[in-house]
Amino acid sequence: MTADLRKIIGLHGAVLVILFAAQFFLPAYHHGNLARIMVLATYAMGYNLLFGYTGLLSLGHALFFAAGLYGMGLGMTQFGLGAGAAVVLGVVAGAGIGALIGALALRTEGVAFMIVTLMFAQAGYLIILYFGSYTRGDEGFVIQQADRLVAGLDLSDPTVRYFAALSIFYAAFVVLMWVLRSRFGHVLIAIRENEERAMMLGYDVQRYKWGAVVLSAGVSALAGAAYGVLFGYVGASFASVQYSIFPLLWVLLGGAGTMLGPLVGTIFMFYLIDLSSGVTTAYMLIAGIVLVCLTLFAPQGLMGELRNRFWRWLP
Amino acid sequence: MDFGPYLMLATLEGAVTAAVLALTASGLALVFGVMRVVNVAHGEFFMLGAVLAWWVTSWFEGAAAFGFAFAILTVPLIVGALAALADVTVLKRLSYDPERTIVATIGILYILQQVTLMTYGPDARPVTPPFNTRLALPWVEMTETGLSLYWPWGLSITSYKLAVIAAATVILLALWIVMTRSKLGLMMRATEQDREMALAFGIPVERVYALVFGLGAGLAALAAVLIVPIQQAHYLMGGDPLLLSFIVVIIGGLGSLPGTVLAALLIGLSDGIISVFFSPTLAKILATLLVALVLVFRPQGLFGARRA
Amino acid sequence: MSFLNAEGLTKQFNGLRAVDDVTLEVPKGQVRALIGPNGAGKTTLVGLLSGRLACSSGRISFDERDVTSLPAHKRIASGMAYTFQITSIFPSLSVHENVALGARRVFSDPKEAEERVVAALHRVSLLERAHEDAGDLSYGHQRLLEIAMGLAQAPKLLILDEPTQGLADGEVVAFNKLINDLRGHTTVLLIEHNMNVVMEVADFITVLNFGKVLFEGTPEQVQASSAVQSAYLGGADAEA
């Protein structure tokens, strides 16, 4: 084992242990927040795979998050699925939509890719509103506590919920870490660094990018489905543009292309908004200021700056 | 109402939408064409135009026409200056890198929108139109004595709406003349063609950029001042014009001014007509999907020529 | 049929024929040099062969397969390796990772891939810099890294576009030795301006001028050809 690998395992292991231990000493309010943050950070990790590691900037990830959310929610209300099966349905829906959107949007690049993903997500949001008789539109619907059971465990119970959020975060973290250390992940990074070179090394760049979109969509959908089932609400606002901007914001703030960036960015942003919404209803002002300042002064984000200055080995 | 008068009404309403949309979208197209910047905050400059118009006219209680005239002259300038400031302080410092400027304009979007919420508040507020005569419109019908005119109930338009259409047409023509005939337009087109070459010929590219960004936002604000007596000012009103402008600019062939105006007519008119017969949500779904598919399969736009 | 075969290859760029009806036959194991004045169409020609550019007309076959309609990545995967004239590496990845990206596509066994990476880096004398960022290397070393990325793929055909540009004299000598070692088992297509290198390593030379094949022959024949000399000296007079 190299020294770098030891440091990587040490740091990330420590973070995972802290997340596990936090539930025993956090006050109830922050305990609940952290459960929420871990699910949202899972969403950000899915986004980061595409944006941070493959170099594709999507403005439409809310579509995948909402696909998971509604795949799960409608699976329960319309098809009477249990919570576990409904979450699986959500993930499948998200990955499937990702496969379709990926095949279309990847025919474009750069700014056009951003706009195409934005438009597809907007169409998805409007479709949710249009089928209001099933989705209840803007108002959304509540998942009853009685339905939020997996293997006899009540997901609305704070402790169970924390564990569920933690396991989803762990699972996504380990899977993504494994993917990024695999041959596939190395090719994604190569595409980010120099797409033409990757192609001229004989890699089918389009197929790899498509794979990244599907995986990223799947993880985002998992986060969406988990969010719905853990917090008991499914609504169209989760499909709106704002929820496409959020993961971009979290990842940019935490550091695109770092494993811990999504978590760090989500924690920071969540508490920034949480604190400012106590003062003003215009809490999205913080998001705007942070976005502008990040692009101007710290395009690498918090973990990226750490990597540049101190921890060269950070994955 | 019968089908015929109904269609005419929808067409007239659509023409008002199209006129305002053409103004807003040509601002977006200008910025994209000359600077290659996708300005996601464009809708917020529109919103700012409407809100400032309410603010300015509210000083002139009792003299609505005078207040409105004052607003139409000053508000686009204020918004344009603000946008030019954003260009110099933010976009220029990003070297106009396409992806980073999009992220930054998303930030600017939230800043403008939320500051408006904090100061102006969450209410929708009306602006009194400077004049507003209701003009009944005739329709033809077949009677035993042949064709004859009649005035169906509800078929009417206001003089103000007609004025909006006329004003938009005049402004667009003026913009076209500036772009094609003036020295300023020449500098813009030179910068658009080749930034480096323009610099080499002594064109102050940085100032042209600030000016273009200001002009683009000013056009959106002007459109908003025109529409606010019909639509009311609200801090969230920027979303729809942004989306529609995107649609128009993309269908019109990214940055081409005549294509943009043509597409605005098409979208504005069909939006008016389609919304009469279908749900507006369905119309929007179809429009957004159309834009995405145009970008995927015909990136030069429906009206644009394929670049060699 | 030869190992690499191009027939009537043409590339049109808006009225300019950068490559005009070129026919090329490279037998297996040969070191073929492609020379010609600037703008003769050499880089465009190898771009067509590797699939980086689509040809306007003509046919290409490689290793007994028609590859004309194959996209670039499939041609590379069928045994070509391409190095860019304008250095194209992954600047923020390590030197090792740059080469490993080439090797891992071909060798799925991680141990074997690693051996190939080490061997390729050793051959261009970059082994001790393996863990530096590729972008931190000097220009000459980046050229050598490009060659190592090609070598690590153990290609059947290695296309090198001006590999010795920017190399120090000692490195050029080492490059010549490297090509001489490859001779026989790897077919090499080499664009080169340095005539000493061409004369030393090439088995056979194709001279391009204005997108057309001007002359083909052994190094001795090329040196003796007056047409080639005037193409280099007088440009347009060559056709007279």
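Predicted model: local features only at pLDDT ≥ 70, side-chain atom pairs only at ≥ 80, totals over all residues.
Residues are numbered from 1 along each chain as its sequence is written, with chains lettered from A and ligands numbered from 1 in the order in which they are written. Local features need pLDDT of at least 70 and side-chain atom pairs count only at pLDDT 80 or more, whereas totals for chains, interfaces and linings use all residues; side-chain values use heavy atoms, without hydrogens and water.

Chain B contains 11 helices and 4 strands (DSSP runs of H or I, at least four residues, and of E, at least two, numbered from the N terminus). The C-alpha trace of chain B spans about 75 × 50 × 35 Å along its principal axes. Of its 308 residues, 52% are buried (under 20% relative accessible area, 1.4 Å probe, protein chains only).

Chain A contributes 17 residues and chain C 23 residues to their contact (heavy atoms within 4.5 Å). The two chains bury about 1800 Å² between them, 59% of it on carbon and sulfur atoms (accessible area, 1.4 Å probe, lost on being put together, summed over both parts). On the chain A side, A:R197, A:M200 and A:L201 lose the most area to chain C, together 38% of what that side buries.

Between chain A and chain C there are 2 salt bridges (a side-chain nitrogen of Lys or Arg within 4 Å of a carboxyl oxygen of Asp or Glu). A:R197 forms a salt bridge with C:E146, with the closest N and O atoms 2.7 Å apart.

Conventions: Buried < 20%, exposed > 50% of the residue type's maximum accessible area, 1.4 Å probe, protein only.
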